Amino acid sequence: MNPLENEKLRLQESETVRNLLKRQNTLLGNSLENLDHLIYLQKSINLLSMQEICRVMVEKLPFILSVRYFTFFLFDKNRRRLSLASHNHPDLEDGHSLYQNDSLIMKEAMNSGRYIFEQDFSASRYFLGRKNLLFSCRFFVSIPLMIENEIIGVLNLNDNQKGFYNVGDLDFALNVSEFVALSISNAMLYERAEKLSVTDGLTGLDNHQQMQTLLKNEVVRCGRYNSPLSVIIMDIDHFKQVNDTYGHQKGDEILLEFSAIMKKFCRSNDVAARYGGEEFFLVLPETQIEGALHIAERIREEMASHKFQSKGKGFNVTVSCGIAEFDSNYMQDTTDLIKVSDLALYKAKNEGRNRTIQGTADDLLNA
Amino acid sequence: MISLTLDQFRLLKYLPSLPEQIDNVLIATRASSSMDYSIVEMIQYDPAMAMAVLKVANTPIYGYPGQISSLQQAAGLLGPGAIKNITLRIPILERFTDNLSEPLPLDYVQIWVHSGITAAISSGLSRLMGETESDVSFTSGLIHEAGTIALSVYFPAEFAKAQDFAEKNQVSLLEAEKQVLGFSHLEVAGEMMDAWGFPPQLSQIILQCAEPKKNNMNWELAGIVALAKSLASEWGFPSGIKNKTIEQKNLLALLGISEKGMGQWESELKKYAEFALNTMKIP
C-alpha cells in the first residue's frame with residue numbers, strides 16, 4: 001500500500017471511529033437522561049399520600065414518559081372495578097370508574113399480567129375502527145401495575161409529539177411503572193394502617209382513642225366560638241346475657257347492626273365511636289341538648305324495633321342512652337362532659353333501661 | 001432564500017460545547033471531594049452548558065416548568081449530581097465535521113470568552129444599577145449568542161452564506177441573516193428557548209438585545225446585556241462576529257447611566273470581567 005492509500009485509509013478509519021463514538025455517546029447520553037429522570041421521579045413520588053402521588057403523576061409522568069396523555073386506574077379486586085385515580089385527559093371526569101370487563105384492553109393486561117402495546121389502536125381488536133380526535137398519533141400502551149403478582153392498577157399511555165412509541169420508550173415506561181406501583185402500594189398500605197389505628201376493627205367506627213382526640217378538638221372549638229356541643233353515650237342492655245344465650249357471633253352481629261343504625265342517624269360532622277365493649281359514643285357538634293335527645297331517641301327506637309333472629313326465633317335488643325351538653329360555666333374539659341353523660345346513662349339503666357336520660361352540670365356536684 | 005426554517009431549531013437537543021470545556025468537566029468528575037463545586041464553577045461561563053442546564057431545570061420533572069430564568073436558580077434546583085450528568089451529555093463542538101470538511105466559520109473560543117465576559121459585566125451592571133435580577137442578567141449575557149452557535153454549528157453552509165452576504169453588501173450579520181435565511185440568529189435563540197421551555201423573560205431579553213427599546217417587556221435587562229456586550233468588545237473580548245452595534249452613549253442614555261457614573265463603575269466592572277476570565281479554564 002502506497003503512502004497516499006495508507007493516509008486515505010487512516011482518515012477513513014478515524015472518521016468511522018469518530019462517528020461510532022458519537023453514536024455511542026448519544027445512546028449513553030439518553031440512558032443517563034433516563035436514569036436521571038428515574039431517580040428524580042423516585043424522589044418525588046416517594047410519598048405516603050395517595051392523593052399527592054396522583055398529583056405528582058399528573059405533573060411529571062407525561063414528560064418523563066414522552067406521552068401527551070395518560071390514565072391511571074386503581075383496581076379494586078373485591079368489586080372488580082377500575083377507578084380513575086390520576087389522569088391528564090381533558091375529556092375524562094375525575095372519579096370515573098368502570099367494571100373490569102368493560103375495558104377489554106385493561107382486562108387483558110391485568111389477566112395476563114403483561115403490557116399491551118398497539119401501534120395503531122384503531123386497527124387493533126380492542127378499538128377496531130374507533131377514532132379519538134384528541135390524539136395526533138395512534139399508539140396505545142396499557143401496563144398493569146403489580147406488586148408481588150398482585151394487580152393494583154393499570155397505566156394507559158397515549159399520543160406523543162414524535163408520532164410513534166418505540167421499544168426503548170416502552171422499556172423505560174415499564175421501568176417507571178414499577179416505581180409508580182411500589183409508591184402506590186406503599187401509600188395504600190400506609191393509609192390502611194393509619195385508618196386501622198383510629199378505627200374499631202369490628203364495627204368500622206372510630207375507636208376510643210380517636211373519639212377522645214376528636215371530642216377534645218370539639219370542646220376547644222366550642223369554647224372558642226361559643227357553639228353548642230352535645231354527646232350521647234349508649235350501652236346495649238343485657239349484652240352479656242345476649243352473648244350467653246345466643247353466642248358471641250350473634251353478639252358481634254348485634255354490635256354491627258347497632259353501629260349501622262348509629263351511622264344511619266349520623267350527620268357528616270358527627271363522630272360515631274365504639275367506646276368499649278358494648279358501649280358506644282356519639283359526638284354531636286353544633287347540637288343543643290334537644291337535638292341530642294331527638295337523635296338518641298331515634299337510635300334507641302330503631303334498635304328496639306329491630307328483630308334479630310336466632311335458630312328460627314326472633315328477639316329484640318334495647319339500648320340505654322345518656323346525653324349531655326357541654327356547659328363551659330360548669331365543665332372544664334371532656335372528662336366532665338363524658339362524666340355527665342355517663343351518670344345519665346347510669347340513671348337510664350337504674351330506671352329500667354331502654355330509655356334516654358338527660359344529664360346536667362348539677363349531676364357533677366352530686367357525683 | 002434557503003429552505004431552512006426556524007422549526008428545525010426546535011428539534012435540537014443540545015448546543016455543543018468546546019472540547020476544552022468538556023475535557024475540563026471530565027477531569028473534574030475524576031477529581032476528589034471538591035469536584036461538584038468545580039463543575040458548577042466551570043459551567044457558569046459556558047453558554048452551551050448553561051443552555052442545557054436551563055433546559056433540564058425548566059422541565060416539569062423538577063417542579064418549576066418554564067419558571068427558571070437563571071443558571072444560579074437552576075444550579076440550586078438541580079444540585080451538582082444532576083448538573084454533572086447534564087454536562088456529560090453535551091456534544092463536543094467539532095470545528096471539522098469530517099476529515100475533508102472546511103472548518104466551521106467562527107472562532108468559538110472567542111465567542112465563549114466573549115459570552116462569559118458579557119455575563120460577568122451584565123451581572124455587575126445589574127448590581128451597580130440596583131437591579132434585583134442580576135442572576136437573570138448574568139444568564140442572559142451568557143447565552144445571548146446561543147442562536148449564532150446553533151446556526152453556525154448545525155447549519156454551517158447556510159450561516160456561511162449569510163456571512164458572505166454581509167461581507168459583500170456591507171450590512172450587519174443580523175441584517176444578512178434576515179435577507180438570506182428569512183430570520184436572524186436572535187430568532188433562532190428565541191425559538192430554541194421556547195421549544196426548551198425557558199421562561200418568556202429570557203427570550204424577550206435575547207430577542208431585543210441587539211436593539212433594546214423602552215416599553216418592550218424586559219427592555220432594561222436587554223439594555224444591560226447590550227451595554228455589557230459593547231463593553232466586553234471594547235475591553236478586548238469581542239465576539240468576532242460582525243454584528244450591528246449600538247453606540248454606547250445611546251445605551252447609557254437608555255439605561256439612565258451618566259458617562260461619569262459609568263466611568264466610576266468601570267474599574268469594578270473590569271474586576272468582574274477579570275474574575276470571569278480567570279475562572280474560565282479556556283486556554
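Residues are numbered from 1 along each chain as its sequence is written, while chains are lettered from A and ligands numbered from 1 in the order in which they are written. As the model is predicted, local features need pLDDT of at least 70 and side-chain atom pairs count only at pLDDT 80 or more, whereas totals for chains, interfaces and linings use all residues.

Chain B contains 15 helices and zero strands, where helices (H or I, at least four residues) and strands (E, at least two) are DSSP runs numbered from the N terminus. Its C-alpha trace spans about 50 × 45 × 35 Å along the principal axes. Of the 283 residues in chain B, 47% are buried, a residue being buried if 20 or more other C-beta atoms lie within 10 Å of its own, exposed if 12 or fewer, and partly exposed in between, with C-beta atoms placed from the backbone.

Helix H8 of chain B (residues 146-154) has eight of its nine residues buried, so it is largely enclosed by the rest of the structure. The cover over these buried residues includes helices H1 (7-10), H4 (47-57), H6 (108-128), H7 (134-143), H9 (156-169) and H11 (185-195) of chain B. Within H8(B), Ala150(B) is one of the buried residues, and, with residues up to four places away in sequence not counted, Ala150(B) touches Phe9(B), Leu12(B), Leu15(B), Val188(B) and Met192(B); contact requires C-beta atoms, placed from the backbone, to lie within 7 Å.

Ala150(B) is also among the residues that touch the most other members of the largest nonpolar core, a set of 125 residues, together with Val154(A), Ala50(B), Val53(B), Leu54(B) and Ile121(B). Such a core is a set of buried Ala, Val, Leu, Ile, Met, Phe, Trp, Tyr and Cys residues joined through C-beta atoms within 7 Å. A second, separate core of 44 residues includes Leu255(A), Ala273(A), Val317(A) and Ala348(A).

Between the chains, ten residues of chain B are in contact with 14 residues of chain A. In chain A, Val340(A) lies in helix H9 (residues 334-350) and counts as buried because it has 28 C-beta neighbours inside 10 Å.

Note on methods: Contact = placed C-beta atoms within 7 Å.
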